[in-house]
Amino acid sequence: MSSKERPLFRSAMFVAIENDRGEVLLQRRANTGFLDGHWDLSATGHLEYGESMQACGAREAEEEVGLVAHEEDLEVAALFQSDFESDIRYVNTIFRCRRWQGNPVIGEPTKIAELGWFAPENFPDKLTVGARVYLMSLGDRAVRNYYIGPGEYREMMGAGYEGA
């Protein structure tokens, strides 16, 4: 056993809700203090203690965009680790959801400025890293883990990124 200190990780779930035209529901972030104005996947949120990753994704879909997504309908699309700051490390899961119920609504109006359906080739330029990783994963034949280190995170986010 090594005497090295092991890092602690946070974990977030991202849900890409797709309609039957292959478009993905995106949300534009607002008033969160992190990446406000950027477009993110349909629903995102932190894993809570005692909660499965699928339960977290389903909960966030209902809370944020008012859609019912059953755990068994959440397919793992990609995983990604991000060390966007030296003391903030994440292990994230991106789910694709093609079966859901309801009509999208802004469930958290203080955190979501707007919703929109976008074909992957027409995603807005100002995207979160989670949305960018989702796009990168679309051609993968199997689920893959993407590692996004601090330098790559800043590069992906562009010149205006100032950190968390």
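A: A salt bridge here means a side-chain nitrogen of Lys or Arg within 4 Å of a carboxyl oxygen of Asp or Glu. Side chains of opposite charge can pair when their charged atoms come close. The model is predicted.

Arginine 98 has 48%, so arginine 98 is partly exposed. Glutamate 75, with 35%, is partly exposed because that value also falls in this range.

How many salt bridges does a search of the whole structure find? The search gives 11. Among them is the bridge between the side chains of arginine 96 and glutamate 18, at 3.0 Å from N to O. Arginine 96 belongs to strand 6 (residues 88-97), while glutamate 18 is in the loop between strand 1 (10-17) and strand 2 (24-29), so that 78 residues of sequence separate these distant parts of the chain. Are these two residues buried or exposed? The limit for buried is under 20% relative accessible area. Arginine 96 is buried because its value is 11%. Glutamate 18 has 9% and therefore counts as buried.

Another bridge joins the side chains of aspartate 40 and arginine 29, with 3.6 Å between N and O. Aspartate 40 is in strand 3 and arginine 29 in strand 2, 11 residues apart, and the pair links distant parts of the chain. Both aspartate 40 and arginine 29 are buried.

Strand 3 also holds one member of an aromatic pair. Four aromatic pairs are found in the whole structure. In one of them, tryptophan 39 and phenylalanine 118 have ring centres 5.1 Å apart and planes at 70°, so the pair is edge-to-face. Tryptophan 39 lies in strand 3 (residues 39-41) and phenylalanine 118 in strand 7 (residues 112-118), so the pair ties together parts that are 79 residues apart in sequence. Tryptophan 39 is buried, at 9% relative accessible area, and phenylalanine 118 counts as buried at 19%. Phenylalanine 123 and tyrosine 134 form a stacked pair, 6.4 Å centre to centre with 15° between the planes. Phenylalanine 123 is in the loop between strand 7 and helix 2 (129-137), and tyrosine 134 is in helix 2, so the pair links distant parts of the chain that are 11 residues apart. Both phenylalanine 123 and tyrosine 134 are buried.

At 2% relative accessibility, serine 82 counts as buried. Leaving aside residues up to four places away in sequence, serine 82 touches Ile88, Arg89, Tyr90, Asn92, Ile148 and Tyr153. Leucine 79 is in strand 5 as well, which covers residues 74-85. Leucine 79 has a relative accessible area of 31% and is partly exposed. Together with Val76 and Val143, Leu79 forms a nonpolar patch on the surface, with about 200 Å² of accessible area in total.

The setting for these pairs is a chain with three helices and eight strands. Along the sequence they follow the pattern β-β-β-β-α-β-β-β-α-β-α. The C-alpha atoms fill a box of roughly 50 × 35 × 35 Å along the principal axes. A compact globule of 164 residues would have a radius of gyration near 15 Å, and the chain has 15 Å, which agrees. Of the 164 residues, 46% are buried. The chain exposes about 9000 Å², with carbon and sulfur atoms supplying 48% of that area. Among contacts between residues at least 6 apart in sequence, 66% join residues at least 24 apart. The bridge between arginine 96 and glutamate 18, with its 78 residues of separation, links distant parts of this chain.

Conventions
Residues are numbered from 1 along each chain as its sequence is written. This is a predicted model: local features need pLDDT of at least 70, side-chain atom pairs count only at pLDDT 80 or more; totals for chains, interfaces and linings use all residues. Side-chain values use heavy atoms; hydrogens and water are left out. Patches are made of residues with over 30% relative accessible area and no salt bridge: like charges are joined within 9 Å, nonpolar side chains (Val, Leu, Ile, Met, Phe, Trp, Tyr) within 5 Å. Accessible areas come from the Shrake-Rupley method with a 1.4 Å probe; for residues, only the protein chains shown count as cover. Helices (H or I, at least four residues) and strands (E, at least two) are DSSP runs, numbered from the N terminus. Buried means under 20% relative accessible area, exposed over 50%, partly exposed in between (1.4 Å probe, protein chains only). Rings of Phe, Tyr and Trp (its six-membered ring) pair if their centres lie within 6.5 Å; planes under 30 degrees apart count as stacked, over 60 as edge-to-face and the rest as tilted. The radius of gyration is taken over C-alpha atoms; the globule rule is 2.2 Å times the number of residues to the power 0.38. Contact means heavy atoms within 4.5 Å.
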